Structures are given as C-alpha cells and as structure tokens.
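Hi there,

Here is the structure I promised to hand over, with my notes below. Have a look at it first, then read on.

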Amino acid sequence: MSLQVADPQAAGAGRRAGFLLDVLRERKAAVIGLSIIVFFIVLSLVAPYISPHSATAQTCAVYAPPSLHHWLGCDDGGIDMLSEIMQGGRISLLVGFAATLVAMVIGGGVGIGSGYFGGWLDALLMRITDYLLVIPDLVFMMVIADVWGASLFHVIMVIGILEWTTTARIIRAQVLSVRERVYIKRTKGLGASNARIIWRHILPQVGPLLIANTVLTVAIAIYLETALAFLGLEDPSVTTWGTILEHAFNRTAVSSGAWWAIVPDGFVIALVIVGCFLFGQAIEDALNPRLKVSHFSMRRWQLRPLVGRGPGAI
Amino acid sequence: MHRADYVIKRGFFALVTVFVAITINFFLFRVLPGSAVTDLSRVPHATPQLRRALTVEFGLDRPKWEQYLLYLRNLLHGNMGISFAYQQPVSHLLIADLKNTIPMVTVGTFASIVVGVVSGVLSAQRRGSVPDHISTNIAIFAYAFPTQWLGLMLLILFAGILPAGGMENQFLLTPEPFWQHLGDITTHMILPAATLMLTAYGSFTLVVRSSMLETMGEDYVLTARAKGLSDRLIVWRHAVRNALLPMVTLIALSLGYIVGGALLIEVIFSWPGIGLGMFTAIGQRDYPMLQGGFLILTFSVILLNFIADLVYFRLDPRISE
C-alpha cells in the first residue's frame, strides 16, 4: 500500500510531478505534511517486524501503566498499547486509502463526466451530489453500515460511496473551465474522441486538484472510520485506531484512570489527519490564484507603519 | 431573479431533498432481503392484533410500490411504526429524545461560533505573531482530534468535578424546584456542550481568519482608517460584518458534521437524546427506531440549511442575481 494506490490516474504526469515538487520546494507545510504521511505509511509497513510485543496476545497486567518494557502501558486485555497502535495503524490507513480510492473514482468520474459532457447528465449528477451533500453523512453511514452488517469491507464501501461529493463539485468546476480552452477545441476539431480528450488533456489538468482532494479525503475517511468503530459498526475481530478508542470507552479505561489507553491513540489519529490536511491544503493553495491576490493586499497592509501607527497596528 | 423566486427555488430544493431522503430510507430498509430488517410488524412480544394492525397499516402483504405509497401517507400522519425494543410508537420516543438533543446542540454550536469568530478575528488582527500561530495550530488540531477522543479527555480531566453522564441527577426522590432543576441540567450540559464546541470551532476559526485577512485588504477599510477611526471600530464595525458572510455558508455546511459529532457526544456522556437513541437501537436491532432517527435528523439538517439560505439572502441580496 502506498500513496500511488489512492491516485488512479498516474499516467501522463511529467509536468504534474514537477508541480508537486514545486509545491514541496516552496511550502514548508507541504513538506511537514508529506513527511508525517510517509512516516506513518512506512511505520505500518514495517510494524510486524519492529513492534516490541504481540498486538493480540497478553504480555502484561490489565491496564498496566507505562513502563520501560511497555512504553505506552497496556490495555484491558493486557496487550501492549504501542504494538496495538502500530497494528491498528495498518488497518486504519488501509481503510483510509481504500475508501478514498472508491471516493476518488466516483467523485472524479462524476466531476469529469458532469463537467465535460454537461447537459442533462450534468443536471442529474449535480442534483444527486447536492442531495448527498445535505444529508448528514455519519448518520447515513451508521444506518447503511448497520443494515449491511459490521465488516471491514462494508466500512470501506460506506465511507467511499458517501465521501465523493465535495471532490465531484471541485473537479467539475475545474473541468468546466478547462473544457472551454482553445487547445481542447482545436483537439476536438482535429477529430480526437471524447475518451482521448479526457484522458490526454483534461485529466492532466485536473490531476493536481485530484491529488489534493485525495489527501484531504484520506483524513476524512480515517476520521469517519474511528467514528463508525466507536459506534460498534467495525468488524469486531480487527484492531484499528477507532476500535482502540471504542474498547477503552466500553471497558472502563476512564474510571480505571488508564489515560494511556486513550491519549496516545488520539494523538496518532490527529497527527495523521493534520499531516493530510497540511499537504492537501498546500497543494490547493498553490493551485488557487485568488489567494495570491489576498497575499498581495496583505503586503499593502504591512506598509501601515509608514502611516505612523507603530508596529502594534493590525 | 426576484426575492420570491429565490425563496421558492430554495424551498423546492429542500422539499425534494426531504423526498429523496424518505425514498432512500424506504429502499434501504424495505427492499433488502431479510425479514428482520424489512418486516415492520415483527415487533417482539407483540400481540397478534398489533401485528395485524401494522401489517394492514403499512400494507406489508402488498406489492412494494403500494407499500411505498402507504409509507409516504403514514409519514404525513407522523406514523413511523412501533419500536421493536420499547413497543411504543417511534415518533413519540424520538420527539422526546429530540427535546433533549436540541438544547445541548444549540448551546454547543452557539459557543463554537462565538469562540470561532472571536479567535479568528483576533488571529487575523495579529497575523504572523506568536499568538496567531498558537491559535491557528490549536484550531487545526481541535479539528483533527476525533470527537469521541475529545469527549473522553474532558471526562478524564473533569472526573469528579462535573457530572460525567446523563442529563439530570436521577437519585433525587423529591421533585426539585424549577430553578434548581435547571441548574442541575446546566451542570450536566457543560461537558457535552464543551466537547461539541471543541470539535466544531476549529474550522470556524480558520475560515473567519482567512476571510478577515481578505476583508482587511478592501478599500473601504482603508477609507475607514483614513477617516481616523480606531482599530477596534474598524475591525468590529466595518470588517467583521462583511467577513462573516462566508460563516453563514460554512455553518450550514457544518450542520451535518455537527449532527454526527453530537451523536458521538451523546453516546459518551449518555445524554438521552436522539443520537443515544439511535446508538441503542443499533445494539437492540431496533430498525424502525433507527430509520425514524435518520429521517428526523435529516429533516432537521435540511430545514436548518433552508433557513441558512434565507439568512444568507437577507444578508447579501446579490446572490440571487
């Protein structure tokens, strides 16, 4: 599992890779975000080899506090928390990336189809998107996941088929503007098929935006997985960052004072989400020309001391 | 476009969304195989008469399309079936739950808006300073921490100081005077509402900050400064008013997120609201209750969205052009 899994359109990317490198070179936040993501991906890949104890068998006392042998203490079953968090990360990241892949295929498809073809298809797809945007997603997921039954696959599918709406809208807006550009019209005039125009000319243009959305959606998917797990809708046989919190809550970690069964897990989840947020946001900012205008106006404001108001003014 | 046209258009959209939600709800539960999910009349321990009555009311022995029409008609009369777990009408149970949910969510959301606006404006005012960085980073992390984790943290930090669960002290045998009762509910509400505030305020802060930065570059702010107005007057009377426009959209968009967060919060603090009701329904395989809860929460979000549309239109009539 790697980042490329979540990016189905890896083709024709010479310029796009250059763009990403530029973003990384110019923005510190992007570097920090990407480092966090890569760190956790590598960690989950090597977790079985480096985790200090078993993630399923009892190796210490129930709710044993952190010690030299068990850095993060133990949970209600006497399982080492550090090993459990490493193991949980594997599944949590898998859910995050797999659900995002589903969401990006649907969202990218709907956005491109809707923006490129327009007409009744656009009207229909955008109405569906609008309705899904309004319906509260966690509640909807909870209902579907319950009717389908608790399993890892269902959790992935439920998140994937409901979290594509924002992506579809953003991609559609971008495709609408790309479609009207002269080189697309000329290509069409030369007799290129729709499929070829979309694949060779539209996709590379919306690629960076799609990557930004992918990264942001991974964060949302991981967040939603913890929520569904907390509601008891995750497969009871797997360990994820979400089920660790659920077990801690249901098995009296709070009243036992076992903060170590709760605190580190939350920080790990938050760190991954912040990493995705920083990286995705950095790409989006780099793509958005409007932000440059506002930066410009800010510079104007920093001239204010010339007006004689001192450095404390705004 | 005229004002009335805009209102009608948005109202029509809201109505269609409600209809779509109802239809999804019907198909999710009725068209799936498995009679435990599809058969509304299989209320455990029910008398044969009640089963008969439910079968006739919802047309469970008729074709699906007829069931769908009957379902719509029953919904219009507020009939959502009988809860499997409590053997009482779902609508009565859910409305009682909703009455507990609304105050907590309202207080929490309002608090998050106030905190979000104030910290966002102050951050923008001191752009690039240490307090700005601290506040922005806290906001990003508050947004990133799972809701249930924040709730558990508050539980750990305030264990013993504030009540940890429920909505009122259930061990008082004599009825309390009204004010005391209100005080009791308020102390129980602090932790759930604070958790909701923490989960929701982060995105508000970030949006208010960036929208303030944009507004501060506008010419009318320069004019205000040229007139010699004080900083506070410029920020709070001139800039904030315009910078808050995106907030209305953001609040409307966040409603679904807030409802989801409130659901988790009710589970953590055993707040007897609609979220806890739905969570219990999952454990008890109480499908009519789950279905009803989903509909009521969706209706509420759609209604509030519609109101937000109208508020936005009132604040900025240009959008209908």
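**What I found**

Chain A has 12 helices and zero strands (DSSP runs, with H or I over at least four residues for helices and E over at least two for strands, numbered from the N terminus). This is a predicted model, where local features need pLDDT of at least 70, side-chain atom pairs count only at pLDDT 80 or more, and totals for chains, interfaces and linings use all residues. Residues are numbered from 1 along each chain as its sequence is written, while chains are lettered from A and ligands numbered from 1 in the order in which they are written.

Of the 314 residues in chain A, 44% are buried (20 or more other C-beta atoms within 10 Å of the residue's own, with C-beta atoms placed from the backbone).

Now to chain B. In helix 7 (residues 147-157) of chain B, eight of the 11 residues are buried; among them are W149(B), L150(B) and L152(B). These buried residues pack against helix 9 (194-230), helix 10 (241-250) and helix 11 (263-287) of chain A, and also against helix 8 and helix 11 (245-268) of chain B.

Helix 8 (residues 178-216) of chain B packs with helix 10 (residues 231-243) of chain B at about 125°, their axes 9 Å apart (axes are lines fitted to C-alpha atoms over the stretch in contact, and angles run from 0 to 180 degrees between N-to-C directions). Helix 8 of chain B contributes V208(B), S211(B), M212(B), T215(B) and M216(B) to the contact, and helix 10 of chain B contributes A239(B), N242(B) and A243(B) (C-beta atoms, placed from the backbone, within 7 Å).

Best wishes

How values were computed: Contact = placed C-beta atoms within 7 Å. Buried ≥ 20, exposed ≤ 12 C-beta atoms within 10 Å, placed from the backbone.
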